[in-house]
Amino acid sequence: MLSNIEERFRSHQGPLTESLVRSPGKFGLGQVPVNVSPDATTSSVCGYCSTGCSLKIHLKDGQAVNLTPDPGYPVNRGMACPKGWEALTPLAATDRALQPQIRETRGGDLKPLDWTGAAQHFCERIQSIQEAHGKDSVAFLSTGQICTEEMALLGALAKFGMGMTHGDGNTRQCMATAVRAYKESFGFDAPPYTYADFEESDVIVLIGSNLCVAHPIMWQRVLNNPNSPEIIVVDPRMTETAMQATQHVPLRPKSDLALFYGIANRLIQKGMIDQDYIDRHTSKFEAFAAFVGQFDLEKTLEVSGLPADDFERLVDKIGMGQRVSFWWTMGVNQGHEATRTAQAIINLALMTGNMGRPGTGANSITGQCNAMGSRLFSNTTCLPAGRAYSNEADRQYVAETLGIDESCIQTEPGWAYDQIIDGIESGKIKALWVIATNGAHSWIDQNRFRRLMGKLDFLVVQDIYSSTDTAEYADLILPAAGWGEKEGTFINSERRIGLNKKVRYAPGEALSDYSIFRLLGAAWGGLDWLERWHSPEAAFQMLKKLSIGQPCDFSGITDYSMIDESGIQWPFPSPNDGDFDQERRLFEDGAFYTSDQRAKFVWDLPVPPPETVSARFPLELITGRGSSGQWHTQTRTGKSEILNKINPKTNYVEVNPADALEMDLQSEELVEVMSRRGKCVVRCVVTPNVSRGQVFMPMHFVETNRLTLGAFDPHSRQPSYKHCAVRIRKQVEK
Amino acid sequence: MINESVRTLIDELLEDQQQLTAVERFSKFHDEAPAVTPGTYRDLIPLGAPKEGEQYAFEVDLDACSGCKACVVACHSLNGLDESESWRDIGTLIGEKAEAQVHQTVTTACHHCADPACLNGCPTRAYEKDKDTGVVRHLDDQCIGCRYCELKCPYGVPKYNERLGIVRKCDMCHGRIAQGEAPACVQACPNEAIKIRVVKTAALHEVSRIGVSLVPGAVSNGITVPSTNYLNLSKNSKAIDSESIEPAHSHLPLVWMLVFTQAGVGVMIFSWLAGLTQSSFSLSTAIVGGLLFFSGLVGSVLHLGQPLKAWKAFLGWRTSWLSREIICFGAFGGLSFVFIFLLMLKPVPPHFIGAIGALLPVLGSLAVWTSVRVYSDTRRPFWSVGKNSLRFGCAMLAFGLIASPWSGLAAIPITAALLLDLAIAKGAFPELDTSTRLMNGQLRVGYLVRVLTAVFAMVALGFPVVSFVSLLVSELAARYLFFRAVEEPSMPGV
């Protein structure tokens, strides 16, 4: 009886219980929290990485209130990583840039002004600097984070309209190597794969790629592979992905090029090559074979530090696999001889005939959500749609399509990112326009970058936040709308063009980057041809036209609504009968984009990294992605409390236990990490997952790039983030 | 340079920016789209409900988990939780030895234990173990926000929500399972690493008896009999944050409450004892004791997130030491009130008061004993029955003695309790290494205050008021250390 009385005092219902009630999902959703139950849904491609997942946006009165991964999209099949799940949260951050802001004196406070004033200030300052120092004294640094239409408009406006000769993107930091390697080897920047290849391989070789953390949804495709594939991870560290591998190849840092030549040599020795494929579809193999002869077993093992058995096992798996796919990411791209390394991987795929068939390919996994759009349409390293500045026909076609005077088009590409930074040092670059990137955090040898920002006469930062590391140096801040607050397309890693939609009100007077470019163009004066760019979709139609006849031809896509459902991979030329496969790979016919339609073997002698360890700096520093909840410089992911919960709270350095013992370091204590360029104090994590003599730091915290060395691949001019020499000292408590 | 047409364009663009047209422009396709039910995870949840002697349980395949952590965020998003709130947590295991390369991510939610410590400890019975599913549910509207379940759960599962003033926790999305949907975390895992299984509770008890723990660094399963099963756990691994030493929550109202209730009980008891021996009871001493005690009680109510529901706290008396503590404190409070009231009524004969007062040491000791058990019941070694008895009992005696004619004797309990803290700080208890390091490190100032004021209280025993105040400060510092220097059991962190 007492129990019955007690039971009466228990509340199973009430306002607190009701606040968590879920309602049955409509629109194909499962149960959803009742307070954010949608009255409509739509979908949008995620704005973080290049996987290009589609997110189903839950709308209430037209505005996004929640999202779930889109189960019907061929890329992600109802899954997303934490960043995607939290894509809406950073839009509501309190440090959004709400109106244009001007800093009248260096180091002074920012003062708000209206768009008219901002546009006037922008044009007056840039034009006066150009008058004094030449048109090419003003450069822009763009991004892989904005829509293709936006970067195309920026490229057209800045170069053809404002006469800036030099402009580059932060894609230089991630994908330039792949671009350069593909162009030379295949004749066009064309990642050949489709994600289905992950599912169809019997051997998957991941090189310098921590797929589990960097591209979790691609890893999902690996696990969907029904063939119990061999998964080989080539990485100096025991990463999350290496943990999942059937073979982890812990090569010495920067021994990759020699290792791949050694593998090529061994494959030739063992007769594990596809001579028929080589003969019919490639060029320069004989010379390549002769070259790799010098990378005998002994030399390869010595350089890479691998045991002979492991090496032989690796060679045999590659040689005997029926469908071998090679995948690489930043571990390759961010090296001092990165282009040749990427091409050494391409060479392996070509010589074993692992190309153009299901489950094969030499496949560069892209970084940013629209790095692929930037590679084709940013008008930095090439004219739109991969056309060449040096080609007169291309210049003519671009001029005609955009309605501009051909004389506006330069005949050489402008400077790369590092050359622009050098240009500031040498006094040739006086003003810089930075769009949606955070170089004061992410650029290599950060202290120098920051010093040079201070040397500029005029720095414009266009971003969704006014609080980025780079914005601290800005003379003018232009407030941009973010992902979800604007419309346009992204191109993902497997060349799939996907759609972004406007599902949130931008705060304050923030405008889409597209609108900002339009209004600056209008304020600049005399650029009547910009009228053709009256909307993102109008731009899309022009980009289609620009792509005609190019390998990336997507003129068969009628309009945005056609790519709404599943996205469409390029190539998709017109005419087409509308009946096409959602997963298409390139080079199935063995015809490449080179003039002789043959893929080319390209090679060079490996050279040692520019900074080797010494008594003073005895450790090799590797940098990389920390966790799947962190994106690059964390200007966005750092704004989500739930992502902060799953991410490491502070910067850290991973140290091998033997090294830690020698230096008397314990986990969790603060240590000073120092290179020739800078130092920082971070938390020590002692773990056997880094090898002796190596240490690892994640790139997401601002301190890391104070240490890195400004070295670049000579062909791609991509920075070599993955290697420099450092030392560590116990931090004496003050 | 800026002409009228540019100004017009800017106005147009600003206006356009505030138009949301996704539905208008693209709704056709989405309206017509067939409802894609998230039903690909049919084999991730059981086909049927648990039978007698069975319950639902999470099964996590650590080899399938790639460490993407989407489960944590999906729990947050699909359950409509607050900004920093998720019922899943994430941690990392790395190799324990130099030669063992391990990197495993451990996703963890409520383990829906067969013998849930949260449920047993809850004073208001705000937890229930669902008869049909075995899901440990939290009744949000029954919760008074005392946060005791946070101390009781050795896995850090229940989490206090400051905005709401209550604790919330994972309910295994049982409402989803009932509809044939998978829980949020299960739905969100790209690698199907989290599954719901039906397990036999007897088997859980059996496994727990042999002293295993869920993952390295976690407490023995014997404490709560958790139901989660981690598959493919790497051997020789440890939590990546195992060397991280952070002070625990200070629970300041509880610091206050413990010291003042113990002081109040001590003073009340000794005012009665002194009265017995001297045949005259001191009203003023009793009032001081009563005031001390009641100010302690105020502290206990203040720390609640839902103080208006505090009256429900007797409901858990069958299993909850906190509930018993509240009942005993209430009874002692009532008795103190009667005692003081009788003292104020002049005509009441002293022997009658003496007889009534005899209940004071009985109820008072019982109340302090419940305090001892409230914390020892969390199974944290720092809060063992013996140590808590020494701490709380000595405090009660010392305060009472100082306020009595035998104040010199207070040096004995003060010294006894002080020796315990000194011993811990000097590392006499290897199992309390974390506490030792905290007391010598981040909590050094608190520790020094504790020691110096205790010594001063003894030196000043000739001046009882000075000594009493000094001891109050000392014991407040001691309880501060009591909460902050305790090692909190947990699952691996990041």
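**Contacts between domains**

Reply: In this predicted model, 22 residues of domain 3 of chain A are in contact with 21 residues of domain 4 of chain A.

Me: Which elements give two or more residues to the side of domain 3 of chain A that touches domain 4 of chain A?
Reply: The centres of these two domains, taken over C-alpha atoms, are separated by 26 Å. On the domain 3 side, the residues divide into 10 nonpolar, eight polar and four charged. The elements asked for are α6 (176–186), α8 (211–214), α16 (330–333) and α17 (338–351) of chain A.

Me: Where does the domain assignment of chain A put domain 3 and domain 4?
Reply: The assignment gives four entries for chain A, domain 1 (2–87) and domain 2 (101–174 + 370–496 + 510–520) among them. The remaining ones are domain 3 (177–364) and domain 4 (619–730).

Me: Which element gives the most to the side of domain 1 of chain B that touches domain 2 of chain B?
Reply: Chain B is assigned domain 1 (42–239) and domain 2 (252–484). Between them, 18 residues of domain 1 are in contact with 17 residues of domain 2. On the domain 1 side, α4 (117–121) and α5 (148–152) of chain B each supply at least two residues. The top contributor, with three residues, is α5(B).

Me: How many Å apart are the C-alpha centres of domain 1 and domain 2 of chain B?
Reply: The domain 1 side of their contact divides into 10 nonpolar, six polar and two charged residues. The C-alpha centres of the two domains of chain B lie apart by 37 Å.

Me: How many nonpolar residues are on the side of chain B that touches chain A?
Reply: The contact takes 88 residues from chain A and 69 residues from chain B. Elements giving two or more residues on the chain B side include α1 (4–17), α2 (22–32) and β2 (89–95) of chain B. That side has 25 polar and 11 charged residues, and its nonpolar count is 33.

**Strands**

Me: Which residues form the covered face of β25 of chain A?
Reply: In a regular strand, side chains alternate between the two faces of the sheet. Strand β25 (residues 670–674) of chain A has an uncovered face with A:Leu670, A:Glu672 and A:Met674. Its covered face is A:Val671 and A:Val673.

Me: What is the bridge partner of A:Glu672 in β28(A)?
Reply: β25(A) pairs in the antiparallel sense with β26 (residues 679–686) of chain A over five bridges, and a hairpin of four residues joins the two strands. There, A:Glu672 stands opposite A:Val681. β25(A) also pairs in the antiparallel sense with β28 (residues 724–730) of chain A, over four bridges. In β28(A), the partner of A:Glu672 is A:Arg729.

Me: Why is one side of β8 and of β9 in chain B left without a neighbour in the sheet?
Reply: The open sheet has three strands in the order β8-β1-β9 (chain B), with mixed pairing. β8 (194–200) and β9 (229–231) of chain B stand at the edges, so each has a single partner strand.

Me: What angle does the direction of α8 make with that of β8(B)?
Reply: Strand β1 (residues 54–61) of chain B pairs with β8(B) in the antiparallel sense over seven bridges. One of the bridge pairs is B:Glu59 with B:Lys195. Helix α8 (residues 201–209) of chain B packs on the sheet and touches β1 and β8 of chain B. Its direction makes with that of β8(B) an angle of about 95°.

Key. Residues are numbered from 1 along each chain as its sequence is written. Chains are lettered from A and ligands numbered from 1 in the order in which they are written. This is a predicted model: local features need pLDDT of at least 70, side-chain atom pairs count only at pLDDT 80 or more; totals for chains, interfaces and linings use all residues. Two residues are in contact if their C-beta atoms, placed from the backbone, lie within 7 Å. Ala, Val, Leu, Ile, Met, Phe, Trp, Tyr, Cys and Pro count as nonpolar, Asp, Glu, Lys and Arg as charged, and the others, Gly among them, as polar. Domain bounds come from an automatic or database domain assignment. A residue is buried if 20 or more other C-beta atoms lie within 10 Å of its own, exposed if 12 or fewer, and partly exposed in between; C-beta atoms are placed from the backbone. Two strands pair if DSSP finds at least two bridges between them. Axes are lines fitted to C-alpha atoms, for helices over the stretch in contact, and angles run from 0 to 180 degrees between N-to-C directions.
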